[in-house]
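Work through the exercises below with the coordinates open. Each task is followed by a solution in steps.

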Amino acid sequence: MSRAAAPFALLPGAEESSVILHVPHSAREIPADVRAGILLDDTELARELDHITDAHTDVLAGLAAQTAAVAPWRFVNRLSRLVVDPERFPDEREEMLAVGMGAVYTRTTHRRALRPADLDPQPLIDRYFRPYARSMTEAVAGRLAATGRAVVLDVHSYPTERLPYEMHGEGPRPPVCLGTDAFHTPQELLDRAREAFAESGGTEVDSPFSGTYVPLEHYGADSRVAALMVEIRRDTYMTEPGGAAGPGLTRLASALAAVVDAVS
């Protein structure tokens, strides 16, 4: 976990594609200096990474990109969300601060101390969060310039059993959860995703997780940017927690490719 890694990567697709597959939580990499500020020992940290990482979602997105008729672009986080979580608000707007899981986590999935409670998150936000957000904003702007619109498909996974940190985990935990935004998720996009994942065991909307990722520069302001979160329950494609992928990964990648094709 100490090896240097590029913080993120924009992997080009077809120039005529408006779709970006956003994969923010698939990595386990933690730079050595960031690791030094984490209170867990190596065994505890490995276990936490098993729970918090959306394992294999980068592979799933890659397979979908290969399968799609028009290859989407991919924006992939190469660092663990334990470094920073690029999908959180970087300030007091973030409700997950209540459980120590804002842009910089201070608590684990099981509500244990991850970092000192009095940690100043700003250095990590400046070093990792802001460059990521800026580059994702530029990626969306690139699709808008090339095609006149951008469709962000936010690729995640989630555990079969609710973890203690979840603030809104009371609802159904379907094989596929589709997270929406009232401004950025058009009904047609949601309908296409429901159709594509219909044979994957069923979908629910905004349960157990809601919302989706849109760069803050565009959020609530640019209707040309559409977005949908795709949360795949982990037992449908892998051994939990943190285990190997199974044959379900290929089937789900084909369904994701069908969403890409439907909105391309």
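**Exercise 1: aromatic pairs**

Four aromatic pairs are counted in this predicted model, where ring centres must lie within 6.5 Å to pair.

Task: Describe the geometry of the aromatic pair formed by phenylalanine 8 and tyrosine 132, and state which parts of the chain the pair links.

Solution. 
1. The ring centres of phenylalanine 8 and tyrosine 132 are 5.5 Å apart, and the planes make an angle of 80°. Planes over 60 degrees apart count as edge-to-face, and this pair is classed accordingly.
2. Phenylalanine 8 belongs to strand 1 (residues 8–11) and tyrosine 132 to helix 4 (residues 122–147); the pair thus links distant parts of the chain, 124 residues apart.
3. For burial, the cut-off is under 20% relative accessible area. Tyrosine 132, with 3%, is buried. Phenylalanine 8 has 21% and therefore counts as partly exposed.
4. Ring pairs also bring in Phe75, which forms a cluster with Phe8 and Tyr132.

**Exercise 2: a second pair**

Task: Find what the pair of tyrosine 158 and phenylalanine 209 ties together.

Solution. 
1. Tyrosine 158 and phenylalanine 209 are edge-to-face, at 5.8 Å centre to centre with 80° between the planes.
2. Because tyrosine 158 is in strand 4 and phenylalanine 209 is in the loop between strand 6 and strand 7, the pair ties together parts 51 residues apart in sequence.
3. Tyrosine 158 has a relative accessible area of 1%, so this residue is buried.

**Exercise 3: strand 5 and its partners**

Task: Determine how strand 5 is joined to strand 6 and to strand 7.

Solution. 
1. Strand 5 and strand 6 run parallel and are joined by three bridges. Valine 176 has threonine 203 of strand 6 as its bridge partner.
2. Strand 5 and strand 7 run antiparallel, with four bridges between them. Here leucine 178 is opposite valine 230 of strand 7.
3. Val176 and Leu178 point to one side of strand 5, Cys177 and Gly179 to the other, and all are buried.

Definitions and conventions: Residues numbered from 1 in each chain as written. Predicted model: local features only at pLDDT ≥ 70, side-chain atom pairs only at ≥ 80, totals over all residues. Heavy atoms only, no water. Phe/Tyr/Trp six-rings, centres within 6.5 Å; stacked < 30°, edge-to-face > 60°. Helix = DSSP H or I, 4+ residues; strand = E, 2+ residues; numbered from the N terminus. Buried < 20%, exposed > 50% of the residue type's maximum accessible area, 1.4 Å probe, protein only. Pairing = 2+ DSSP bridges.
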